[in-house]
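Subject: Structure for you to look at

Hello,

Here is the structure I said I would pass on. Please open it and keep it beside you while you read the notes below.

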Amino acid sequence: MNRRDILKSTIGVAGAALIADAAQAETAQPGPSAIATRGPFIETRDRQQLFFKDWGSGPPVVFLAAWALPSDMWDYQMVPLSEQGLRCIAYDRRGHGRSSHAGTGYDYDTLADDLAAVLDALDVQQVTLVGMSMAGGEMVRYMTRHSARRIARIVFVATDATPVRMRMPDNPAGIPPEHADVFRRQILLRDYPNWMEENRAPFFAPETSRPMQEWVRGMMLRTSMKALIECNRSATSTDFRAELPKIAVPTLLIHGDNDVSAPLDATGRPTARLIPGARLEVYEGAPHGLFVTHMERLTKDLLAFAKA
């Protein structure tokens, strides 16, 4: 009995076909384009693979995840929104989830280029762009570095990186550079899981179930340490103040007034003031993890804004 017959007798014809398809995929050569789509992955210009999901049909909403989290964090928004006439797209940032765990490319220029690769590969138009936490910086840099012709409106959810977090002569209330370095070297690189445990309570609401908290924690543990360190470095050191006034599409900011990770008066309010015509929606008593603690309200607000 030859190898093919053995395969068929042990796993069935369907299983053998799957193995054959996998073998063919392994030998397939990428096309000539600098940006390619292969299955659930989009290839960037530096040949990294970005996992994405694309649910529903209608006006497109593209979701960008928070620091340390993959696209799955948006599932509780994407499922209901995709059932209410929106096309919901999300991808794992490099170093996160199922995307390539690259050794480089965590600066905002490259991350904005990755977003451009996704939008161009899927050729979406009139996009509502939604970004949480550090992803606010990715959206801003995309809008100023690339043509904004694909974007109809943007939503900042619990923005963390904007307008600027680092202490500077004209930003004396910012984070001292040495404190950011201590966080990376003495906390993240020493015991990241313990840091997550110690900061669990302020991220969630008291009524957030322990299993839901563990779901979020599990996603964060699968993020590469390289991505954690370099994304934190980019988010705490990049100054977006000169770029924010250039945003010329309708903008909504959603922020909790009990956000310990990204205090409202240091991030959400000053970001809103710098964007012409921006609207700030404050969730009273809400923490940073709005996507789970206030999922129904957030979904409702995103639906109304995307269909406006």
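Helix H3 is mostly covered, with 11 of its 15 residues buried. Note that this is a predicted model. Among the buried residues of H3 are Tyr108, Asp114, Leu115, Val118, Leu119 and Leu122. An α-helix has 3.6 residues a turn, so residues three or four places apart point the same way. You can check that pattern on screen.

H3 covers residues 108–122 and reaches 21 Å from its first C-alpha to its last, close to the 21 Å expected at 1.5 Å a residue. Both ends are worth a look. At the N-terminal end, aspartate 107 caps H3, with a side-chain oxygen 3.3 Å from the backbone nitrogen of aspartate 109. After H3 comes aspartate 123, whose phi is positive, near 50°.

Next, the pockets. The largest pocket holds about 770 Å³ of space. Its lining is made up of 29 residues, and Trp67, Asp160, Phe183, Trp195 and Ser261 lie nearest its centre. By class, that lining has 16 nonpolar, 8 polar and 5 charged residues.

Which helix gives the most to the lining of the largest pocket? That is H5, with 6 residues. Helices H5 (177–198), H6 (200–203), H7 (210–221) and H8 (225–237) each supply at least two residues of this lining.

The second largest pocket has about 210 Å³ of space. It is lined by 13 residues, with Val164, Asn171, Ala173, Gly174 and Ala266 nearest its centre. Its lining has 7 nonpolar, 2 polar and 4 charged residues.

Regards

Note on methods. Residues are numbered from 1 along each chain as its sequence is written. This is a predicted model: local features need pLDDT of at least 70, side-chain atom pairs count only at pLDDT 80 or more; totals for chains, interfaces and linings use all residues. Side-chain values use heavy atoms; hydrogens and water are left out. Helices (H or I, at least four residues) and strands (E, at least two) are DSSP runs, numbered from the N terminus. The expected span of a helix is 1.5 Å times one less than its number of residues. Buried means under 20% relative accessible area, exposed over 50%, partly exposed in between (1.4 Å probe, protein chains only). A polar contact is a pair of N or O atoms within 3.5 Å; within protein, one must be able to donate a hydrogen and the other to accept it, and residues adjacent in sequence count only if both atoms are side-chain atoms. On a 1 Å grid over the protein atoms alone, a cavity is a set of points where a 1.4 Å probe fits but cannot get out, and a pocket is an open set with protein on both sides within 12 Å along at least five of seven lines; lining residues have an atom within 4 Å of a point. Grid points are joined across faces, edges and corners, and a volume is the space filled by probe spheres set on the points. Ala, Val, Leu, Ile, Met, Phe, Trp, Tyr, Cys and Pro count as nonpolar, Asp, Glu, Lys and Arg as charged, and the others, Gly among them, as polar.
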